[in-house]
Amino acid sequence: MRAIITGGAGFIGSALVRFAVQKLGWDVLNIDKLTYAGDLSSVQAVAGNPSYHFLQADIGDGPLVSDAIAGFQPDLIVHLAAESHVDRGIDRPAEFIRTNLLGTYTLLAAARSYWESLPAERRACFRLHHVSTDEVYGSLDHEGVFSETSSYAPRNPYSASKAGSDHLVQAWYHTYGLPILITRSSNNFGPYQHSEKLIPHVILNALEGKPIPVYGRGENIRDWLYVEDHVKAIGLAAVRGRIGQTYNFGARNERKNIDLVRKICDILDRKRPDPQGTYHRLITFVADRPGHDKRYAIDASRLENELGWRARENFDSGIRRTVEWYLANEWWWKPIREGKYAGERLGRS
């Protein structure tokens, strides 16, 4: 398998790159713009592997992307490149529209041109796998789950831009016949996640003795999926999923934000006690995020029944592994905290 992975220096993308090269034996071209969220140290484990290749490029650069696709001759394109942090989307929505919508269009146009140039046998094997998010479905109340047939109801610039990119991918399938799949996952967590995201933000603020901010009263609920389980599902769906199909990825790990924060504090109290006292003392309730979705919950039955996927990590084992990774890998996150992002509040607009 020759695969192009866009956004392969980001959190989920780098996990997929490592898994694809080390476990699946794919030849991979990682295309990443290396914005603040991209870090090549996240893929250093495969940097010397002859099956790994890297190109620094913006997916919005049509000629460059077209040349890269034509030169690498992929069987598969997995599209993860995106602006992904809800709070940054509130502050700077134009960047999200440019990358998530216009960038996806540019990639689709290049992929279609390449696919149409292939001989019939290779055309039949090619596919483009678009990685999306459960946030396109909007917000749930206390009951119910999102299925693949749930209506789109995005409520912030990030989720709206991802919903738009989903529609573009579906349009290229129905209009031009481009062979695509779409997968939508619940919230991811695990190693190498940028510290702007909730779980690493809590861990690192605690370790630095800073207030741990919790939006509102922490009652918002998220459904958590360990990133290594997610990329295994991507690898499975990319090869065995049905063309034109959408698959939801989730592990049925719903947690209130405040319960998640307290769980992390409990683990840190055991793993690295603070002489000043329990980390719970740092929990600080702050003004809620504008348009904060109340609850997400994913039904992954289609993926489980059709492809036989099951999450390996439950929430407790996954969060413990995640905390332990951040404790052991200061070399990775400390430069980010000192250079790119020190933990300041985003999303106030």
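## Aromatic pairs

Searching the whole structure, a predicted model, turns up 15 aromatic pairs. To count, rings of Phe, Tyr and Trp (its six-membered ring) need centres within 6.5 Å; planes under 30 degrees apart are stacked, over 60 edge-to-face, and the rest tilted.

Take Tyr137 and Tyr152: they make a tilted pair, with 6.5 Å centre to centre and 50° between the planes. Both Tyr137 and Tyr152 lie in the loop between β5 (127-133) and α6 (157-176), so their pair ties together parts 15 residues apart in sequence. Helices (H or I, at least four residues) and strands (E, at least two) are DSSP runs, numbered from the N terminus.

Tyr137 counts as buried at 3% relative accessibility, while Tyr152, at 25%, is partly exposed. Here buried is under 20% relative accessible area, exposed over 50%, and partly exposed in between (1.4 Å probe, protein chains only).

## A strand-to-strand contact

Phe189 and Trp224 go edge-to-face, at 6.0 Å centre to centre and 90° between the planes. Phe189 sits in strand β7 (residues 187-189) and Trp224 in strand β9 (residues 221-226), so this pair links parts 35 residues apart in sequence. Phe189 and Trp224 are both buried.

## Cluster and charges

Tyr137, Phe146, Tyr152 and Tyr296 are joined into a cluster by ring pairs. Tyr296 also has the charged end of Arg222 over its ring, 4.0 Å from the centre. Elsewhere, Arg123 lies over the face of Trp115, 4.2 Å from the ring centre. The cut-offs for a charge over a ring: NZ of Lys or CZ of Arg within 6 Å of the ring centre and within 35 degrees of the ring normal.

## Ground rules

Residues are numbered from 1 along each chain as its sequence is written, and side-chain values use heavy atoms, leaving out hydrogens and water. Local features need pLDDT of at least 70 and side-chain atom pairs count only at pLDDT 80 or more, whereas totals for chains, interfaces and linings use all residues.
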